Amino acid sequence: MKQVIGIATTTCPDKKTAWRIVDSLLSESLIACGQVEGPIESAYFWKGKLCKESEWRILMKFAPKQSRLLETRLIELHPYENPQWTHWEATASDGFGKWVHDPN
């Protein structure tokens, strides 16, 4: 049987910040897994200015029921004024999905 899980991403200014956020979200049981990737190169407009920065991406797996609380907490922990929060539901294998819903 397939399981529905949540997947989300955000970006951070450096690796240390990314791991601090992942560690906090794990310790608060808001995510089952956080993966830090980078550095990646980002280009974007912010307040009318073209910016190009190196960033670190976090990929998070979580139980969908945690979505609102996870978003709120991520924004509280994040150093950016307007942090990226993108999320979607995905179908996972039964075993992996059960683990995401109950990682302990």
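In which helix do Phe96 and Trp99 both lie, and how many residues apart are they? Both lie in helix H3, which covers residues 94-101, and they are three residues apart, about one turn of the helix. Helices (H or I, at least four residues) and strands (E, at least two) are DSSP runs here, numbered from the N terminus.

This is a predicted model, in which local features need pLDDT of at least 70, side-chain atom pairs count only at pLDDT 80 or more, and totals for chains, interfaces and linings use all residues. Residues are numbered from 1 along each chain as its sequence is written, and side-chain values use heavy atoms, with hydrogens and water left out.

The chain contains three helices and four strands, and from the N terminus on their order is β-α-β-β-α-β-α. Along the principal axes, the C-alpha atoms fill a box of roughly 50 × 25 × 25 Å. Of the 104 residues, 42% count as buried; buried means under 20% relative accessible area, exposed over 50%, and partly exposed in between (1.4 Å probe, protein chains only). Among contacts in the chain with a separation of 6 or more, 74% come from residues 24 or more positions apart, where contact means heavy atoms within 4.5 Å.

Ser67, Leu70, Leu74 and Leu77 of H2 are buried. Seen down the axis of H2, these buried residues fall within an arc of 95 degrees, so they line one face of the helix; the arc is that of the directions from the helix axis to the C-beta atoms. Arg68, Leu69 and Glu76, on the other side of H2, are exposed. The packing partners of the buried residues of H2 are strand E1 (3-12), H1, E3 and E4.

Next come the aromatic rings. A pair of aromatic rings is described by the distance of the centres and the angle of the planes. Rings of Phe, Tyr and Trp (its six-membered ring) pair if their centres lie within 6.5 Å; planes under 30 degrees apart count as stacked, over 60 as edge-to-face and the rest as tilted. By this rule there are two aromatic pairs. Phe62 and Trp85 have ring centres 6.3 Å apart and planes at 35 degrees, so this pair is tilted. Phe62 belongs to strand E3 and Trp85 to the loop between helix H2 (67-77) and strand E4 (86-92), so the pair ties together parts that are 23 residues apart in sequence. Phe62 and Trp85 are both buried. The pair of Phe96 and Trp99 is also tilted, at 5.5 Å centre to centre and 45 degrees between the planes. Phe96 is partly exposed, at a relative accessible area of 35%, and Trp99 is partly exposed at 34%.

The C-alpha atoms of Trp56 and Gly6 are separated by 20 Å, and the two residues are 50 apart along the chain.

Pro39 is found in strand E2, and the peptide bond from Gly38 to Pro39 is cis, with omega near 0 degrees. Two backbone phi values also deserve a mention. Ser29, in the loop between helix H1 (15-27) and E2, has a positive phi near 60 degrees although it is a residue other than glycine. Ser29 is partly exposed at 42% relative accessibility. Lys47, in the loop between E2 and E3, is not a glycine either and has a positive phi of about 55 degrees. Lys47 is exposed, with a relative accessible area of 64%.

The last topic is the largest pocket, which holds about 320 Å³ of space. Of the 13 residues that line this pocket, the closest to its centre are Tyr44, Trp46, Glu55, Tyr80 and Asn82. Strand E2 (33-46) and strand E3 (49-62) are the elements that give two or more residues to the lining, and E2 gives the most, with five residues. On a 1 Å grid over the protein atoms alone, a pocket is an open set of points where a 1.4 Å probe fits, with protein on both sides within 12 Å along at least five of seven lines; lining residues have an atom within 4 Å of a point. Grid points are joined across faces, edges and corners, and a volume is the space filled by probe spheres set on the points.
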